[in-house]
Amino acid sequence: MSSTTGAEVLTQGTGYGVVLGIGFVFAIIMMGLSTLQNRYTTYKISTSEEFNTASRSVKPGLIASGIVSAWTWAATLLQSSTVTYEYGICAGYYYAAGATIQIFVMAILAVRVKQIAPYCHTFLEIVHARYGNTAHFMFATFGLVVNLIVSSMLLLGGSAVVNAFTGMNIYAANFLIPLGVCIYVILGGLRATFLCDYSHTLILMILIFYFFFWTYTKADLVGGFEGMYNLLQQASIERPVAGNQDGSYLTLKSNYGLTFMIIQITGGFGTVMLDQGYWQRAIASEAKTAVQAYLMGGIAWFAVPLTFSSIMGLAAVALAKSPSFPYPGGLTEAEINAGLAAPAGVVTLLGSGGAAAMLILLFMAVTSAASSEMIATSSILTFDLYQIHFRPDASPESLIRVSHIMVAVWALVMSCVASLWIGIGVSLNWLFLFSGTLFTGAVGPVIFSVVWRQQTKEAAISGALGGVVVGIIAWLSVAKTYYGELTIATTGLMYPNLAGNLGACCSGAIISAVVTLIKPDNEFDWSATKRINPRAREMDRKRATLSDSASGPGSNSPVEKEKQEDATVDVASAKDDTTIDIDVPAEESAELQKSLKVATWASLILTFIVLFLIPIPMFLSHYVFSLNFFKGWIIICVVWLFVAASITSILPLWESRAAIKDIFLGMARDIFGGGARKRAIGSSNTDA
């Protein structure tokens, strides 16, 4: 892909500075945070449980922030604005709605994981416990394919924007963007990704607010709400949207927009349900707050593409004929496929300063999501391949070492694959629309594996493979029938991808359900999944015992901390015990069952609201926005974003106040107390 020079308003040095400088700054920050965590808390990143699951102790605000960060890809900002440029204001809503319901469904699955496999590392361990090696290898392949496509899409979008703004070599960007991310993930593990997710999300929110207030209150080219409305009305006359009511950009009656939402729903189920990153957040969360975390995360994330597309997507439409627009006459098909609508809008409104802000925004989105993909893939490669199939008796030390290696390996692999897509001419838009056809056939069987006791191994395997076959046949058949040839161009159009995504997702679930109903497994009782990872169960019990014994006088003493550290190491080296008691306490079981009901009803209600109650009446009524309705729509978007910012930026700080206090007090004792800790330990050893 050659450099796209239309929006090149920054120097190559700026591009390299952002890509390398910010990445290494975060790596240094993580080094400091990891040091503080190791010194002043009981969670040590030298253990595989802490590295890969954050000791299953993360509170809901930080989980919600992590969900927003992980689901805010480059495509979230670029693709939502691109489809808004193509189909109007409806597309931002359809993008957000189509990719939010999966997070709501994950709230249900998060509770189920806590019920049936509270100490697992990955969802694939559940598959292995239920169905054995063959099914496990197959679903691990699906999981790795999803991670590979998502990871490469992140770089594909990020490198395209860096190249467009700075002229930086696009292949160099592909390899340099993951470098800093790889370093801080290795340094800090999963908890590090949560902390960086928090900082990335905070910066993301600040910049989106900045873009909003500048666009609708300061930009002379726009002229406020009324000016934007008039410009969009004029654009509807000059460049009417096919399939929209009156060709308008200000309506939810959009045939292609609704089609895009269906593709987004089906493909989104694949990229959430088969991505270990989202299961990892469920595993890392506290059992009693997992539902809150996912519901808050879904509600908060919805505001990001909805608001951003209503700013930069609409700005690109409104200002496409402006002399300041970097692509004279509007975006070409290639520029649309590269996701350059939002960058074009930013440059038109804010020039080089806006380009720098957008570059940072995209870099935050790419790196935060990439960190999630790295640690997720590392978990699969470590626990599902290395431990289960090669070294069942692997020590915690070897597991943490392999995890580190796999993070670095995946950073290299995702860079190579992103470069491959560019080399063969596959665009971000093509990959985004097609990817669901390739893997959503496995969605139904994976969900059934967690919620349906009677599903059989044969049903799971046949559903996943059958879904892929049906999806690909439908995709190619529609492309050939409608457009007469099979090319990258025709297979990347809307209707073939609608057929492929729907065919794969629906047939996978249907085949699995039918095979199960014909011959169900009536003997399975979840005991096999509850026995996963007994070492972690013993670690938790030991930690609880230590916590109880440390509640008396002197519990905060340095000596007690040393005892806790030594005990944790002793337990981490314990051998697996398959005779371990797997019964969940009655009180905890009742609480989880209650959470499951809350998650189910909340997910159903929220899904009904965002998919049916709001858009369908407006679609069927063929309503075109009035000026006042447009103003109200935009104001609701920014208010929603404010709520999202409160959830993802303020709540985690409030939840972490005790830990922050302990760290500061510990630092103060070390700085002003000198050798108090050493003296206490020395005294204890002398007494002994």
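1. In this predicted model, helix 10, which spans residues 255-273, packs against helix 17, which spans residues 443-451, at an angle of about 50° and with the two axes 10 Å apart. That angle makes helix 10 oblique to helix 17, and the crossing of the pair is left-handed. Both values belong in any account of the pair, because two packed helices are described by the angle between their axes and the distance between the axes.

2. As for the residues that make this contact, helix 10 contributes Phe269, Gly270 and Met273, while helix 17 contributes Val443, Val446 and Ile447.

3. Turning to the chain as a whole, the secondary structure amounts to 28 helices and zero strands. Of its 688 residues, 60% count as buried. When contacts between residues at least 6 apart in sequence are considered, 85% of them join residues that are at least 24 apart.

4. Two backbone positions deserve a look, given that most residues other than glycine have a negative phi. Asp246, which is not a glycine, has a positive phi of about 55°, and this residue lies in the loop between helix 9 (224-238) and helix 10. With a relative accessible area of 61%, Asp246 is exposed, since the cut-off for that class is over 50%.

5. The other position is Trp526, a residue other than glycine whose phi is likewise positive, near 75°. Trp526 is found in the loop that runs between helix 20 (494-518) and helix 21 (527-530). Is Trp526 buried or exposed? Its relative accessible area is 10%, so Trp526 is buried, whereas Asp246 is exposed.

6. On the cysteines, a search of the whole structure finds zero disulfides, a disulfide being a covalent bond between the sulfur atoms of two cysteines. Cys90 has a relative accessibility of 0% and therefore counts as buried. Cys637 also counts as buried, because its relative accessibility is 3%, and the cut-off for that class is under 20%.

Definitions and conventions
Residues numbered from 1 in each chain as written. Predicted model: local features only at pLDDT ≥ 70, side-chain atom pairs only at ≥ 80, totals over all residues. Heavy atoms only, no water. Axes fitted to C-alpha atoms, helices over the stretch in contact; angles between N-to-C directions. Helix = DSSP H or I, 4+ residues; strand = E, 2+ residues; numbered from the N terminus. Parallel < 35°, antiparallel > 145°, perpendicular 65-115°, else oblique. Left-handed = near helix turned anticlockwise from the far one by under 90°. Contact = heavy atoms within 4.5 Å. Disulfide = S-S within 2.5 Å. Buried < 20%, exposed > 50% of the residue type's maximum accessible area, 1.4 Å probe, protein only.
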